[in-house]
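Please keep the sequence and the structure in view while reading.

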Amino acid sequence: MGATRYRAPQASDLLMVHLDELVAVFHRASGITHLVASPVPELLTALSGRWLTLDNIEQEFELVDGDRTGLAAIMDELAAAGLIERRA
């Protein structure tokens, strides 16, 4: 069985506005605005239009001894909110 992969929409499909420590993310396809904090904007940028596994994400962000469970939980929340796609 392959690893779960994640992908965010193209950058042009998300409008991000920084509001101090929060970022408002407008998802054009759904018309919904989400208020998020770091590392969500960075994850959305890294995943923009490309499929990555948790291993790829950990490498991209140079996470050493990262909290894999915490990262997976963030990715699940983003998928549930409709901000990213998830494929097993």
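## Two hairpins

In this predicted model, strands S2 and S3 form a hairpin that leaves two residues between them, and in the turn Asp20 has a positive phi of about 60 degrees. The strands S2, which covers residues 14–19, and S3 run antiparallel and are joined by six bridges. Leu19 has Leu22, a residue of S3, as its bridge partner.

S3 also pairs on with strand S4 (residues 32–37), again through six bridges and in an antiparallel manner. Here the hairpin has four residues between its strands, and Gly31 in the turn has a positive phi of about 75 degrees.

## The largest nonpolar core

Which residues touch the most other members of the largest nonpolar core? They are Leu44, Leu47, Ile57, Met75 and Ile84, out of the 20 residues that make up this core. Two or more residues come from each of strand S3 (22–27), helix H1 (40–46), helix H2 (54–60) and helix H3 (68–80), and the largest share, five residues, comes from H3. As a general background, nonpolar side chains tend to be buried together in soluble globular proteins.

## A closer look at Leu47

When residues up to four places away in sequence are not counted, Leu47 touches Tyr6, Arg7, Ala8, Leu52, Ile57, Met75 and Ile84. Among them, Ile57, Met75 and Ile84 are listed, together with Leu47, as core residues that touch the most other members.

Definitions and conventions:
Residues are numbered from 1 along each chain as its sequence is written. This is a predicted model: local features need pLDDT of at least 70, side-chain atom pairs count only at pLDDT 80 or more; totals for chains, interfaces and linings use all residues. Side-chain values use heavy atoms; hydrogens and water are left out. A nonpolar core is a set of buried Ala, Val, Leu, Ile, Met, Phe, Trp, Tyr and Cys residues joined through side-chain atoms within 4.5 Å. Buried means under 20% relative accessible area, exposed over 50%, partly exposed in between (1.4 Å probe, protein chains only). Contact means heavy atoms within 4.5 Å. Two strands pair if DSSP finds at least two bridges between them.
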